[in-house]
Amino acid sequence: GNPMKRTYTLPEANQVLRLVRAIAAELVERRSARRHLARQREQLEAADTPEGLRSELAELDAQIWAHDEALHQCRQELEQLGMTVLRTNPLTVHIPGTSRTGAVVFCWEEGEASVCFGHPVGEEEHQRRPLRVAKGA
């Protein structure tokens, strides 16, 4: 299916963030599990123990592959929400947004409790800026 072409207001972005953070939690968990397995695999290969090594490596490869599949799935879930995964470490997600002044790109990074940064459209590669939220809003 095609990702939903949609934009979020800031309140909507913060609402959908509950889902984004759930997906992010899995992604971050699997990212570190995968790193741990890859390190194990390197050590195992370096150790050069011929006995049972092949099956152990195959087992590690299978686990790493499963994490890769799940990580890919996490990214797809975010993209189906119309978002862009800028990078996975730290996980940084761009959310197409709309504000009183027009289009904006909200920028959320893992660990942040709410959406409080953004980019002007076309400047997504530049430093993200704190969002100016209307006082008393």
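Predicted model: local features only at pLDDT ≥ 70, side-chain atom pairs only at ≥ 80, totals over all residues.
A residue is called buried when its relative accessible area is under 20%, exposed when it is over 50%, and partly exposed in between, using a 1.4 Å probe and protein chains only.

Residues are numbered from 1 along each chain as its sequence is written, and side-chain values use heavy atoms, with hydrogens and water left out.

**The overall picture**

Let's start with the parts list: two helices and five strands. Helices (H or I, at least four residues) and strands (E, at least two) are DSSP runs, numbered from the N terminus. Follow the chain along and you read α-α-β-β-β-β-β. The radius of gyration, taken over C-alpha atoms, is compared here with a globule rule of 2.2 Å times the number of residues to the power 0.38. The protein comes out at 19 Å, well over the 14 Å that the rule gives for 137 residues, so it is more spread out than a compact globule. Its C-alpha atoms fill a box of roughly 65 × 30 × 25 Å along the principal axes.

As for contacts (heavy atoms within 4.5 Å), take those with a separation of 6 or more: residues 24 or more positions apart account for 47% of them.

**The sheet**

Now for the strands. They form an open sheet of five, in the order S1-S2-S3-S4-S5, with antiparallel pairing. Two strands pair if DSSP finds at least two bridges between them. At the edges sit S1 (84-88) and S5 (129-130), each pairing on one side only. Helix H1 (residues 10-47) packs on the sheet and touches S1, S2 (91-99) and S3 (102-109), with its direction at about 35° to that of S3. For that angle, axes are lines fitted to C-alpha atoms, for helices over the stretch in contact, and angles run from 0 to 180 degrees between N-to-C directions.

Further along the sheet, S3 and S4 pair over three bridges, while S4 (residues 117-120) and S5 pair over two bridges. Gly118 in S4 stands opposite Phe106, and Gly118 also stands opposite Arg129 in S5. Phe117 has Pro130 in S5 as its bridge partner.

| Residue | Relative accessible area | State |
|---|---|---|
| Cys107 | 2% | buried |
| Cys116 | 34% | partly exposed |
| Thr98 | 32% | partly exposed |

How many disulfides does a search of the whole structure find? It finds zero, where a disulfide would be a pair of cysteine sulfur atoms within 2.5 Å. The closest cysteine sulfur to that of Cys107 belongs to Cys116, 10 Å away, which is too far for a bond.

Thr98 is found in strand S2. Leaving out residues up to four places away in sequence, Thr98 touches Thr7, Tyr8, Thr9, Leu10, Ala103, Val104 and Phe106. Thr98 and Leu19 are 79 residues apart in sequence and 19 Å apart in space, C-alpha to C-alpha.

**The surface**
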